[in-house]
Structure formats: C-alpha cells, structure tokens
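Subject: Structure handover

Hi,

Here is the structure for you to look at. Please open it alongside this message.

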Amino acid sequence: MKKTLKVIVRCILFICVLAVVLGKTASVVGRKESYSKYADYYDRPEEFDVLFFGTSHVLRGVFPMELWNDYGIVSYNMSNNAETLAESYWVLRNTLDYSSPELVVIDLYKISMNEKIGRDEETGELFKEYLHDYMDALPMSWTKLQAIWDLLPPGDRMEFLFDFSLYHERWSLLGKEDFDPVKSPEKGAEGYAEIVSTTGPVELATDVRNEENTLGKYYLEKMIELCQKKGIEVLLTCIPYGGITEEDREWINSGYTIAEKYGISYANMLEEEELINYSIDCSDSNSHLNVSGGRKVTEYLGAYMTEHYEIPDRRNQKNCAEWFADYQNYMEEKLHLLSAEADIYKYLLLLNDQSMSCCCYIRAGSRIYDDQLAIELLHNTGSDKRLEEARIKNEDYLVLFDNYTGQVYEFVGDETFERNVQFGLFEYDTDENGEKQLHIEFSKDNYLTDSTERPSDLHVLVFNNANGEMVDKARFIMAESMTRKEIKMQAD
C-alpha cells in the first residue's frame, strides 16, 4: 500500500513539475504581442474605471493615456484587430472576472456580422491569429474555457487551450524580447502615422435603419445585459472611418434601436460633421483612423464621458500615482517617434498633439507653399489664420502654436515678435543682412540658421508643455521629396 502511494505521489509531482516546465517554456516560445498589449491590465485590473471594446477601429482610435492626461480617466483599450462582437462578448466576460469598471464602451463596427470569428476574404481561413493576440495572455479559467468552446470548432481549440502546441517550433526565432518582453506604454491602444486621403460617410437620416437580426446584434445585447446585471453603465459608439456607404450607415443606425431598447446612450460620431478631416485623418481608405484622427476621437469621448457619466478624475488620488510615471513613459515614446521621423507629412501629423507646442517657420519662396498636403497638415496642427496670407504673398511666415495656454501667434513678412511665453523669451526679427532670426531665452543661437545647403523650406521647434523644454528641432528641405535635416546651432 505504501509503495503504491509513493508511486502515486511521485507521478503527481512529476506531472506538476512537467506542467511548470512546459508552462515556462510556452511563455518563452510564444508570441509576445498579447503580453505587450495586456500586461498593464492584468498587473492592476481593479484600477480601471472605463474599458473599451471593439475592432481595430477602437485599437487605433482611442488612446487611454491621453484620457488620463486630459481628464484623469483611468481606462484600458481591450479591443483587437478584426474582433467580432461575439469575440468582444467573451473578452468582456473574461475581463469582468478581474475588474468592475464604471463604464463599458462598445463600438458597433461589426454589428452586421453573422460569424463568431472573422475570416480572410481570400483564403476563407479563420482569423485565429488575432484571437491569439487576446487569448495568449489570458490566464486559464472556466470563463476562458467557455469562450474557446463557444467561438471555435473542435479542431481549432487545442492551440488556445495549450498554445505550446502552436509555438513550440519558434526556437529559431527567439530574441531578447522573448526573454524580457516589453509592455506597450499605450494601455492597449496603437497609434499609426500613415496618411491616406479618403471620402467621408454618405448622408443618411438616423431613422433609416437595418433592423435585421444578426449574430453581432445578439452578442451585443448579451454584452449590454451582462453589464446591466452587474450595475455597469454602457456607452455604444461608432468611430468614424473612410468610405462609409449608405448600407454601412443603415447598420450603424440600428445602434439607436438597441440603445433605445436598453435605455443607454449611443455616441454615433458619424453625426459629428466637423470631427474628422477625411483627407488627412485616416491611415487607409476604408477602415482606420491615423494618430491625428484618433486623438480627435479620444478628445471627443473624453468630453462626452465627463459630461454624461460620473467618471472620477483620479489625477489627485494616491492610489493612481503610478499613472504619472506611465504617462511619462508614454510621452517619451511619443517624443522618440517624433524625433526619429524623417517624413515631413508624418512629422506634421504627429504635431497634432495637445501635450506639445511647436514653432514653425517657412521661408519666403519655400516650395512648401506649393505642397497642398503639407499646408493642410500645418493647418491641422493648430487654429492658424494667416498661413494662407503668407502663402499668397509668398512671404516669410512664423507661427507659435502654444498649446499650453491655447494661444496662437502668427507673423507674416517683416513683422517682429518679442514676448515671454511658457517656453522662454521669444525674439523674432530680421538682422542687418535681411535674414530672419529667432532667439529663445537670450540664447545666441539663431534657430533659423541654415547650413551651406540650399535654404530650408521648413524649420520646426517642438516643446513639451509639461516642463517647457525644447524636445525636438528640425528643418526640412524639399527636393523630389521632403528630407529632414537636424538644425545646426551656432557656437556661443
């Protein structure tokens, strides 16, 4: 009897050790996208007051760190690429095992879907890779098991139950990041700086609705009912995107019917005509916003949630002190991306950011005056009024977008400027040789100095609103394309 018991105990210990070893091995060889996106959520799930669910429209269109900095809203972007509402339901179910948010925000892009998981249009294969982006980081639980059984056919379940079966051949691909994975600083979001000009939505009255029952609507209602059962408020949204047809709008309008049925709000941003500039705010022609469009949507949602819900501002609460450090990391990443960007169009797009201020100078005769996209992106940076005047006159133009105070200072031709602002004393005038010069805080450096190359078409100085420091300086020269050059400073 004792011998049999020893054998049983040894077998159990062996199985436990094997499970631990395989678990550790699986964590090393597995893809790290899921960990990077969700690590911050699982580290402190009880903190979050607002959670966002949906497809890549939400992924690229809602930035929790901006909501924190501007409104003190503690939120997480739980969305995933190509996520159906059936998948969103199970993401929500699993999420609520860990946290009890004040508000859940659900985007309706996939409301017309009649499949639980999307498919590749060319191959017909299930988008399992995107489901892995969520499932891989999710700890095993009864809820996760139910999700796998509901969403997937029997032959596709094993790789989600035991992902080592999928990733065990990744040994040759392992790198440093597999042993020390990096957490995303964006709290689940992903900003993109691509620019594609596209068309806005066709006009359609909100009472023209497609009331057909779909699997998407079925799971959406299950999400709403689950939240209401737990006392969680729900906000439905439709984040704008390019190329929206009349049929699309009929499906989108059906969200009003569901909102009325459950007594909840629907923030249909397609009805906000001035919100998105479809010529510069999209990263592709028929689906996603870029970082500029996403910041506009985020600002809209921040104002909407503050007005319609009792979401606390936690910037003065001790238990949220880590968020200031998180925001600093996020800001450093934004500044790194800006300083590394050589494409003038993407650079100007990234300047549409209320956490930064910038000073832009265009020399008389600059080729940038003939570049419609660059001009439109400069307009997008702030509420400038005299750029067109300078362009028509073909004269020097300097603008300071002071987002710290909300002021815009513009100067055309030989106009001068001397004033103390958040970033120091600005002195802008013309020297004895007729050359423009800009000095900041009594510095001998002229920030408009060119090298021996052909004169620059655009000079840019960027400042961090939080401390007033200059964080980037660059000049661009247009030949066949705009080329970034670092500003070369004069010796003192």
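This is a predicted model: local features need pLDDT of at least 70, side-chain atom pairs count only at pLDDT 80 or more; totals for chains, interfaces and linings use all residues.

Residues are numbered from 1 along each chain as its sequence is written, and side-chain values use heavy atoms, with hydrogens and water left out.

**Helix α11**

Helices (H or I, at least four residues) and strands (E, at least two) are DSSP runs, numbered from the N terminus. Helix α11 covers residues 215–229. Its 15 residues should span 21 Å at 1.5 Å a residue, where the expected span is 1.5 Å times one less than the number of residues. The end C-alpha atoms are 21 Å apart, which agrees.

The buried residues of α11 are G216, K217, Y219, L220, E221, M223, I224, L226 and C227. Buried means under 20% relative accessible area, exposed over 50%, and partly exposed in between (1.4 Å probe, protein chains only). These buried residues pack against several elements, including β1 (50–53), α5 (85–95) and α12 (246–262). Contact here means heavy atoms within 4.5 Å. Just after α11, G231 takes a positive phi of about 75°.

**Aromatic rings**

The structure holds 26 aromatic pairs. Rings of Phe, Tyr and Trp (its six-membered ring) pair if their centres lie within 6.5 Å; planes under 30 degrees apart are stacked, over 60 edge-to-face, and the rest tilted.

Y41 and Y42 are an edge-to-face pair, 5.1 Å centre to centre with 75° between the planes. Both Y41 and Y42 are buried. F127 and Y130 form a tilted pair at 5.3 Å, with 50° between the planes. F127 is partly exposed at 25% relative accessible area. Y130 is partly exposed too, at 29%.

Ring pairs also link a cluster; among its members are Y41, Y42, W68 and W323. The charged end of K187 sits over the ring of W323, 4.5 Å from its centre. R60 lies over the face of Y192, 3.7 Å from the ring centre. The test is NZ of Lys or CZ of Arg within 6 Å of the ring centre and within 35 degrees of the ring normal.

**Largest pocket**

A pocket is an open set of points on a 1 Å grid over the protein atoms alone, where a 1.4 Å probe fits, with protein on both sides within 12 Å along at least five of seven lines; lining residues have an atom within 4 Å of a point. The largest one is lined by 28 residues. Y109, K110, M113, E121 and S287 lie nearest its centre. α12 gives the most to the lining of the largest pocket, with three residues.

Best wishes
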